[in-house]
Amino acid sequence: MRLLSILDPLTRPILLLLVTVVDRVLTPIQRRIGIDKMGYFFVLPNLLIFGIFVLFPMLLNFYYAMTGGTKLFPEDRPFIGLGNFDNLFDCGDFLSPNSCQEDLFWRGIFNTIQFVIFQVSGIVLFSLITALVLNRKIVARGFFRSVFFYPVLLSPVVVALIWKWVLQHEGVLNAIVEIFGGESTRWLLDPNWALFWVVFVSVWALMGFYTLILLAGLQSIPPELYEASSIDGANNWQDFRFVTMPLLMPTMFVVLVLALIRAVQMFDQIYVLTGGGPGTRTQLLVQYIYTTGFASQIQLFGLSAAASMVLGITLLILTLLQLRLGNQSSLA
Amino acid sequence: MRKILALLVILTLLISALPGLSQDMVELRIRWYNDGNEGEVLRDLLDRYEMENPGISIEIDTVPYSAILENLPLDLAAGEGPDMARVTDLGGLAEYYLDMTPYLSDPAYWEDNFGPFLNWKRLPGDMSSIPGFMTQLTITGPFINRTLFEQAGVDVPSDMSDQVTWDEWAAASVAVAEALEIPYPMAMDRSGHRFAGPAISSGAMYFDDMGHPTVMDEGFRDMAERFVNWHLDGTMHPEMWPLSEGYAGANEEFANAELVFYMSGSWQVGQFSEQIGDAFDWQTVPNPCGPGGCTGMPGGAALVGIASTEHPEEVAAVMEYLASQEVLGEFAARTLFIPAHAGLSASGVDFDTDLQLAKDSLGVFVGQVGTLEQTAFDLQAYGNNRTVFNASRDRLTQAMVGELTLDEAIARIQDDIDTALAEQG
């Protein structure tokens, strides 16, 4: 308060100047287009950014998906209609990637589905447990909240490098296993272990962010409700089942949607940790898109764009489905 | 007050004159990657050039090798490339190179000294353009840790025979690793280019009668089968190929004496001289033999001018300086690179190292040039060779981890090549 009173003589003239300038600029515009349309004026900068950096690339991607050849510029590329999609969906048996023309695309899809199911479930479950624990009055609560959030601050590449060092054959984990008399394992070379560790590392790295969201959701639940349920004789489980979960559900859906989108987009962390291996066991769809479009000598931009459209549409459907379910759940 | 005003006027005049000065200065950019100390050597050579040519400033943009392979082609396609670049996809990027012929004071010098390698950087049908010069000629071949052989009491196969097979090397390396509990008997760079030498030695032809790339022959299958099995039984470093995306090397393992036999190439000599020195006896041995010969793969990196440059004359002038026999000789001597220059090959290079191991190693690599098969040269000169190499690398990796059978993997390699070439038109 004292600081504000000191600053007031300094800030007041600046604020007045700002208000005057803004008023001089906006008043004529408002007179010209009317107060009803001023909202459009205010969102225009954001719309421009969205149009240039999101909408235009999306439309361009759509066009690339309909073209073939290896040239970079759209005008040099022959229009082939749905040819790239035909290639992607040319399969003898959709459940057997080896029977598909673009087998790596289907391996990417199946790997992505498995990764998303395990990773999103893991994130939701462990974030919820962590948030519930951190919401209680435990010793050094602030410290633990920081500890769980800390991995979120690390770059995905750093996270992957740290865990690669832990999981490599001569790494820390095997050293610990050997101390306890176990045999060292090539954790990232076994296909099932590789998938497990890829999921584990990403849950570890991202969990703090979702824990924070759930923690905010938990703290917004009025304590009177717990007092009332306590008077009714509810135990801890009944508190959780009939008070916490219903009121936390909207936040849970936010977490679910965000985690799902993030999981489908996962690339950098896995790329550094396993390179998509062993073989293609942890190669997700995004890596297929990148490799096809950019890391090959003959770069197949059209095929890559078509695959990214399939990914985008799938993601859109999933998100809409989740939002619909979320709305139904809120109404119920 | 007057003094301050006068000072301000002088300062203003000086500042306004600066853009005029900078307009006369030509700035050239080189996109570069390093295997060893060559970036430092290049900077030193360019500093001297800039001293003698004050109107030209040359910036070296050092990037990871992967950026040369993946980002540079996109920049070039978009017309956003540098003025010069160090490339290894020599034929694949040929459409973007600057033909320096009109700007060179003595084009004949380039034909005389770089002639055999200029074709590697030309588009099919082009017999005359001069796009740049090889910064080094590379030969793929194996390194061994001789000290480990001695400690294990295992004879080095190449001491007993001039023509050692891959199987003999594998058996000896496994024997050394088992005797000393070394984790990795053998390793090969994760690269289809590195695999091609052994495959050709096994009889792979890589091209059919029509000149179309093919891997559908017994020679390729024979080496591929051997290679996949070595990964399954632990003869080869089991993680390097299956757990990587793109190129991967085993430099660290070799330098840490965790590896007995390392199939890589001559560009490693400088790095091993720095990293290993004489901590143990490392040695280059001749390429192992098979029914198709005892060949490695030629290759190398080239410094090329980029056609989109706004300063072709200056680019050509810098290139002439760097490609001159004296400067290129110094570059080769200080980097321990094998020069791809007829004059230097004839006169020899006095490599700037006291390390006998490095000199011997370079000597073996130079001696290997004569043993390279014609197929190896043809494959290196083929503009789309990376499509063949990358498909071989990725599909064989899938066979190693059981995602594909060997025959499925070979069929997929062929399919990948055919699809990409058809798309290219």
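Predicted model: local features only at pLDDT ≥ 70, side-chain atom pairs only at ≥ 80, totals over all residues.
Which side chains meet in a salt bridge with an N to O distance of 3.4 Å? They are those of Asp103(A) and Arg412(B). This pair crosses between chains: Asp103(A) lies in helix α4 (residues 103-134) of chain A, and Arg412(B) lies in helix α18 of chain B.

Chain A has 13 helices and zero strands.

Chain B contains 18 helices and eight strands. For its 425 residues a compact globule would have a radius of gyration near 22 Å, and the 24 Å of chain B agrees with this. The C-alpha trace of chain B spans about 90 × 50 × 45 Å along its principal axes.

**Where chain B meets chain A**

The contact between the chains involves 36 residues of chain B and 37 residues of chain A. About 2900 Å² is buried between the two chains, and carbon and sulfur atoms give 48% of that area. Of the area that chain B buries against chain A, Leu243(B), Glu245(B) and Glu423(B) supply 23%, more than any other three residues.

Side chains of opposite charge can pair when their charged atoms come close. Four salt bridges are found across the interface of chain B and chain A. Asp103(A) takes part in a salt bridge with Arg395(B), at 2.7 Å from N to O. Asp103(A) also meets Arg412(B), at 3.4 Å from N to O. Over all chains, the structure holds 26 salt bridges.

The interface of chain B and chain A also has 17 residue pairs in polar contact, with both residues at pLDDT 80 or more. On the chain B side, the elements that give two or more residues are α3 (65-77), α17 (385-400) and α18 (406-424). The largest share, eight residues, comes from α18(B). By class, the side of chain B that touches chain A divides into 13 nonpolar, eleven polar and twelve charged residues.

**The two domains of chain B**

Chain B is divided into domain 1 (26-137 + 299-347) and domain 2 (140-298 + 364-424). Their centres, taken over C-alpha atoms, are 28 Å apart. Contact between the domains involves 14 residues of domain 1 and 18 residues of domain 2. The domains bury about 1300 Å² between them, with 61% of it on carbon and sulfur atoms. Trp120(B), Leu336(B) and Ile338(B) supply 35% of the area that domain 1 buries against domain 2, more than any other three residues.

How many salt bridges does the rule find across the interface of domain 1 of chain B and domain 2 of chain B? The count there is one salt bridge. Three residue pairs are in polar contact between the domains, both residues being at pLDDT 80 or more. The side of domain 1 that touches domain 2 has seven nonpolar, five polar and two charged residues.

**Salt bridges named in this report**

| Residue | Partner | N to O distance |
|---|---|---|
| Arg395(B) | Asp103(A) | 2.7 Å |
| Arg412(B) | Asp103(A) | 3.4 Å |
| Arg386(B) | Asp89(B) | 3.3 Å |

**Backbone details**

One backbone feature belongs to chain A. A cis peptide bond joins Gly277(A) and Pro278(A), with omega about 5 degrees. Pro278(A) is in the loop between α11 (268-273) and α12 (285-294) of chain A.

Another belongs to chain B. Glu181(B) is not a glycine, yet its phi is positive, at about 55 degrees. Glu181(B) is placed in the loop between α7 (166-180) and β5 (184-188) of chain B.

Key:
Residues numbered from 1 in each chain as written. Chains lettered and ligands numbered in written order. Heavy atoms only, no water. Contact = heavy atoms within 4.5 Å. Buried area = accessible area lost by both parts, 1.4 Å probe. Polar contact = N/O pair within 3.5 Å; in protein donor to acceptor, adjacent residues only side chain to side chain. Helix = DSSP H or I, 4+ residues; strand = E, 2+ residues; numbered from the N terminus. Nonpolar A, V, L, I, M, F, W, Y, C, P; charged D, E, K, R; others polar. Domains from an automatic or database assignment. Rg over C-alpha atoms; globule rule 2.2 N^0.38 Å.
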